[in-house]
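Hi,

Here is the structure I promised to pass on.

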Amino acid sequence: MKASLGIKLEGAASIDGLTLFAPIALDIRPNQWTCLLGPSGVGKSTVLRLIADLKTYVDFDGTITTSDGQPLTDRVAYMAQSDLLFPWLSVAENVSIGARLRGEKPDGKRVLDMVSRVGLSGHDTKKPAALSGGQRQRVALARTLMENRPVILLDEPFSALDAKTRAEMQELTFALLKERTVLLVTHDPAEAARLAHIGYIMQPQGLIPMEMPETPPVRPIDDPLTIACQTALFRVLRKGAA
Amino acid sequence: MTWKHGILSAFVLVAAWQLLVIITGVPSFILPPPMKVAKAMWFYHALIAENAWVTTQEVLLGMIIGSVLGILTALHLATSRTARAILRPILVFSQAVPVFALAPILVLWFGYGIWSKIVMAVLIIYFPVTSAFFDGLMKTPAGYLDLAKTMGASRARTLWHIRFKSALPSLGSGLRLAAVYAPIGAVIGEWVGASKGLGYLMLLANGRVKIDLMFATLIVLAVLTVCLHLAVDILARKLAKDH
């Protein structure tokens, strides 16, 4: 793995002159999980897409800087709400698609290692259609790990899963991406309360820093501190919407 | 549709045909009874087979050449903005010219042999194949392209591994249409000017009032078209597998 990398995003975004979000300063610290919590439509995915250098429909007026001054190109991995698995490829082929898209030879042994790390040993020749939603998202996680990038951008990757699978995936993902610089975008206060080292609530007016529990993530779902944090986050979310 | 259904509906069709002949008492130079057509088919089987082989070649070559050209055009359109700006209006405009009206010109240019018919079949299937595959190439789910971008994929590899693969079911739809149109193109070409082929044989039989032979030829043509349709259907299913 490459050296730890931090990212700072400063600026505002607008669509056809209408403000999407006011000037914000988002500090994504190296090797920590930074969580961006907010209601739908507030532009949190846009923030993530700006960092990933993906197409957005906004005019962004600001800067994105890295702690080492180098561009982010080829140093981020991206995981979305939809697993984005290719239905015509097997699990192993999906995990190694990045190498083939770059014209490199996939490392078969590493692929199988990643598949086993997400708990899907023996499923490597199956097609995604033969897997459950939770298993598919595990494959997407293995694919993300396979890329071995210092920065991981997670755009609500657990929101389409059922409660039990979601809790399991949160734990597994955190365990496997513990040492990376992670930006997690979510609309779920419970998820933010469990996973964030540093958290922000995003509103059209800007970012509100969140107070996170002292305990390190991943926090138990039923811990009083987690629940208190979740409740506090929820209150700010509600107030922001009013 | 299973084989049993196919055989059953063929049987129903022949029975209705026979019934129609009996009830209306229509003379056999207008509508020959099934048995007479069957006899003609047996009597002329060498002649029919020879001409069927010519038409089959025309249709198959037309299918292959037209599909390859259509696929290449669609890929070119999907990857080049300039090509879209220039080629698309031409393509649409070309569809305003009835291909049937071109048949005499094609025979003039490419002669009485099989090539004028192949060109005719190519022209008639080129647009449906191009259009269907191009639509598929332009409808790649945006998330796939986002993923490819963060992975540092080149344009060419994104085209091959993602856009091409996800457009294969659309290509299958285009090929299904082509399988219906290609025989029409070939036969029209034969009507306009040919010395071989099922279309030519139909005209010949018609001119000599051999209506039973004409019907026999027509049935063979229909069977060939159905076989082509079934074969292409299998291929299209393969293309859409796992999608």
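Ile15(A) sits opposite Leu18(A), a residue of β2(A). Strands here are DSSP runs of E with at least two residues, helices are runs of H or I with at least four, and both are numbered from the N terminus. This is a predicted model, where local features need pLDDT of at least 70, side-chain atom pairs count only at pLDDT 80 or more, and totals for chains, interfaces and linings use all residues. Residues are numbered from 1 along each chain as its sequence is written, while chains are lettered from A and ligands numbered from 1 in the order in which they are written.

β1 (residues 7-15) of chain A runs antiparallel to β2(A), and 8 bridges join them. They belong to an open sheet of 3 strands, ordered β2-β1-β4 in chain A, with antiparallel pairing (strands pair if DSSP finds at least two bridges between them). At the edges are β2 (18-28) and β4 (59-66) of chain A, each pairing on one side only.

Now the chain contacts: 19 residues of chain A are in contact with 17 residues of chain B, where contact means C-beta atoms, placed from the backbone, within 7 Å. In chain A, β5 (76-79) and α3 (97-101) each supply at least two residues of the side that touches chain B.

Chain B itself is divided into domain 1 (1-31) and domain 2 (32-240), with bounds from an automatic or database domain assignment. Taken over C-alpha atoms, the centres of these two domains of chain B are 29 Å apart. Between them, 7 residues of domain 1 are in contact with 6 residues of domain 2.

Cheers

Conventions:
Contact = placed C-beta atoms within 7 Å.
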